[in-house]
Amino acid sequence: MRIAMIGTGYVGLVSGACFSDFGHDVVCVDKDAAKIDALRQGVTPIFEPGLDKLVERNVADGRLSFTTDLGPAVADAEAVFIAVGTPSRRGDGHADLSYVFGAAGEIARALRQPTVVVTKSTVPVGTGDEVERIIAAAAPDAKAMVVSNPEFLREGAAIEDFKRPDRIVVGTEDEDAAEIMREIYRPLYLNKAPLVVTSRRTAELIKYAANAFLATKITFINEIADLCERVGADVQDVSRGIGLDNRIGPKFLHAGPGYGGSCFPKDTLALLKTAEDHQAPLRIIESVVKVNDLRKRAMGRKVIGALNGGARGKTIALLGLTFKPNTDDMRDAPSIAIVQALHDAGAKVRGYDPEGVEQARPLMPDVEFCASPYEAAEGADAIVLVTEWDVLRALDLKRLSASMARPVFVDLRNIYPPEEVENAGLEWHGLGKPARD
Ligand code: NAD
């Protein structure tokens, strides 16, 4: 199958590389010439485990290439995927569909044969109808079958997720288009990944419902963590106690500093806008969004509280800045709100992250970035563990403790047992556990 992937970001590049690995011929297109130049020179512009090798192998085998020139890539393709960004629109929180609609117009003008046009970007219900309308208006004679195929991969485990998905959702009422989608995903389908074929609108909504549900699960356990602190219970035991129930399941039940990243915050907001427009309010999700927003800053206050006498003039080391481990993505990371709260309280902030510093720098101009957790801790008044990177799971706590001005350790991921932290001479602060004497 000949495939054009429009948008070569986290989703487009991973999807394009994986499709080529299935044996398809894939051309990845992006408007960002620097990104395409880098890829052509063998440099992967994002950090995603295993991606370098996957791209390199498929480029070498001649199945994967990169271009800024959308026209020829689309003209030649049997399927064109739209994987451009759909950020929050400034001001109102609606999904900004300008990139999707822009790409649809460009695709329409380039179509030369019957083609399946697939929206992989996360788009509100009804976007497929609009894409179809744009294509029909720009190229009345073109035969395009517009399909929704939302992506569920997680950054940090994107290749594994793409190649071993829990399900593949295909939204189309057109049997020919469904057949082409089956062909594209055949290797996974043969591997027993369930293919869920629905109407286009249903597929669009499945993606938002999935993300909103996961965001709800995270927010639920975060509030239970707060209650645990007040009543002297342990949230990790509560999570285990409820998660072993098959109806609930153990995933997404880890208390933390609030969800962030490039998807949950914007997708929950966009879903609320869709609900509002259709007069079907989603009150649970409204609460989830509010609670999560407040939580990020509350984490900053928690750190300030741990310092007893306030944070003014104190030096605080943040370990892990990306919204989760194994990615360099800083979009809507909780660390941003935490840094803000600490600066507002007059603290000096140092930051360490294994991969995220380049993206963090412009978002946190007043943070001093350090090359290791130990450098960040030198002379600091508090350490805050924000993101659970592997290198932060096995810290030499005694070494940290010995180099700090004050031994305050705030573990926002509950990685270290309080006793271990205290045995290293540090004062433990975590989430959802009884207070220490
Ligand atoms: P991204 O910002 O990393 O990449 C988007 C790319 O599209 C950019 O490189 C941009 O230059 C390019 N682009 C924009 N308009 C273009 C055009 N007309 N022609 C060619 N290229 C164009 O975004 P992302 O994180 O990959 O997300 C893409 C979509 O996938 C979003 O809708 C997102 O919600 C969804 N999604 C993301 C994830 C994730 O984990 N990142 C997971 C599932 C779904």
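Domain bounds, as used below, come from an automatic or database domain assignment. The structure is a predicted model, in which local features need pLDDT of at least 70 and side-chain atom pairs count only at pLDDT 80 or more, while totals for chains, interfaces and linings use all residues. Residues are numbered from 1 along each chain as its sequence is written.

**Exercise 1. Domains**

Task: State how the protein chain is divided into domains, and how domain 2 and domain 3 are placed and joined by contacts.

Solution. 
- Step 1. The chain is divided into domain 1 (2-198), domain 2 (208-289) and domain 3 (295-429).
- Step 2. Taken over C-alpha atoms, the centres of domain 2 and domain 3 are separated by 24 Å.
- Step 3. Two residues are in contact if their C-beta atoms, placed from the backbone, lie within 7 Å. By that rule, ten residues of domain 2 are in contact with 15 residues of domain 3.

**Exercise 2. The annotated active site**

Task: Determine which residue UniProt lists for "active site", and whether cysteine 263 is buried or exposed.

Solution. 
- Step 1. The UniProt record, an unreviewed entry, lists Cys263. UniProt positions are given in the numbering used here, feature names are shortened, and annotations may be inferred rather than shown by experiment.
- Step 2. Helices (H or I, at least four residues) and strands (E, at least two) are DSSP runs, numbered from the N terminus. Cysteine 263 lies in the loop between α11 and α12.
- Step 3. A residue is buried if 20 or more other C-beta atoms lie within 10 Å of its own, exposed if 12 or fewer, and partly exposed in between, with C-beta atoms placed from the backbone. Cysteine 263 has 25 other C-beta atoms within 10 Å, so it is buried.
- Step 4. Not counting residues up to four places away in sequence, cysteine 263 touches Thr122 and Asn211.

**Exercise 3. Helix α12**

Task: Compare the span of α12 with the expected value, and name elements that cover its buried residues.

Solution. 
- Step 1. The expected span of a helix is 1.5 Å times one less than its number of residues.
- Step 2. α12 has 14 residues and reaches 20 Å from its first C-alpha to its last, close to the expected 20 Å.
- Step 3. Buried residues of α12 include Phe264, Pro265, Ala270 and Leu271. The cover over the buried residues of α12 includes α10 (200-231) and α13 (283-306).

**Exercise 4. The nonpolar cores**

Task: Identify which residues of the largest nonpolar core touch the most other members, and which helix gives the largest share.

Solution. 
- Step 1. A nonpolar core is a set of buried Ala, Val, Leu, Ile, Met, Phe, Trp, Tyr and Cys residues joined through C-beta atoms within 7 Å. In soluble globular proteins, nonpolar side chains tend to be buried together.
- Step 2. The largest core has 73 residues, of which Ala4, Ile6, Val80, Ile107 and Val117 touch the most other members.
- Step 3. Helix α1 (residues 10-21) gives this core its largest share, seven residues. Domain 1 (2-198) and domain 2 (208-289) each provide at least three residues.
- Step 4. Apart from this core lies another, of 53 residues, among them Leu307, Ile316, Met404 and Val421.
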